[in-house]
Amino acid sequence: MEYSSHLLISTDKKINEICWESGFSNVSHFCQLFQKQYGTSPLKYINVIRKQ
């Protein structure tokens with residue numbers, strides 16, 4: 001998850017690309033785990049970080 005959050009912050013890759021690059025084969029499962037760890041979806045996470 002830490003690697004995934006780094007990619008979300010530092011690249012313009014799409015969520016599905018980050019999911020696969022992080023070793024997940026299911027985007028839905030990746031998003032659920034991300035939400036559980038960070039308290040927000042990957043998309044909302046990107047939007048909050050990029051507004052700062």
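Reader: Which helices are included in what covers the buried residues of α4?

Author: Buried means under 20% relative accessible area, exposed over 50%, partly exposed in between (1.4 Å probe, protein chains only). Covering rests on contact, which means heavy atoms within 4.5 Å. The cover over the buried residues of α4 includes α1, α2 and α3.

Reader: What kind of model is this?

Author: Residues are numbered from 1 along each chain as its sequence is written, and side-chain values use heavy atoms, leaving out hydrogens and water. Local features need pLDDT of at least 70, side-chain atom pairs count only at pLDDT 80 or more, and totals for chains, interfaces and linings use all residues, for the model is predicted.

Reader: How many helices and strands does the chain have?

Author: Helices (H or I, at least four residues) and strands (E, at least two) are DSSP runs, numbered from the N terminus. The elements run α-α-α-α from the N terminus on. The count is four helices and zero strands.

Reader: What radius of gyration does the chain have?

Author: The C-alpha atoms fill a box of roughly 30 × 20 × 15 Å along the principal axes. The radius of gyration is taken over C-alpha atoms, and the globule rule is 2.2 Å times the number of residues to the power 0.38. For 52 residues, a compact globule would come out near 10 Å; the chain agrees, with 10 Å.

Reader: Why do the buried residues of α4 sit on the same side, and what arc do they cover?

Author: In α4, Pro 42, Tyr 45 and Ile 46 are buried. The arc is that of the directions from the helix axis to the C-beta atoms. The three share a side of α4 because they cover an arc of only 100°.

Reader: Which exposed residues does the face of α4 turned away from its buried side carry?

Author: An α-helix has 3.6 residues a turn, so residues three or four places apart point the same way. The face of α4 turned away from its buried side carries the exposed residues Lys 44 and Lys 51.

Reader: Within what arc do the buried residues of α1 fall?

Author: Ser 4, Ser 5, Leu 7 and Leu 8 are the buried residues in α1. They line one face of the helix, because seen down the axis they fall within an arc of 160°.

Reader: Which residues does Ser 5 touch, not counting residues up to four places away in sequence?

Author: Ser 5 is found in helix α1. At 8% relative accessibility, Ser 5 counts as buried. Beyond four places in sequence, Ser 5 touches Phe 34, Tyr 38 and Tyr 45.

Reader: Is Phe 34 buried or exposed?

Author: Phe 34 belongs to helix α3. Outside four places in sequence, its contacts are Met 1, Ser 5, Leu 8, Gly 39, Thr 40, Ser 41, Pro 42 and Tyr 45. Its relative accessible area is 0%, so Phe 34 is buried.

Reader: How far is the sulfur of Cys 19 from the closest cysteine sulfur?

Author: A disulfide is a pair of cysteine sulfur atoms within 2.5 Å, and a search of the whole structure finds zero. Cys 19 is buried at 0% relative accessible area, while Cys 31 is partly exposed at 24%. The closest sulfur to that of Cys 19 is in Cys 31, too far for a bond because the separation is 7.0 Å.

Reader: Which side chains meet in a salt bridge?

Author: A salt bridge is a side-chain nitrogen of Lys or Arg within 4 Å of a carboxyl oxygen of Asp or Glu. The structure holds one. Glu 21 is partly exposed at 36% relative accessibility, as is Lys 13 at 32%. The N to O distance is 2.3 Å, and the partners are Glu 21 and Lys 13.
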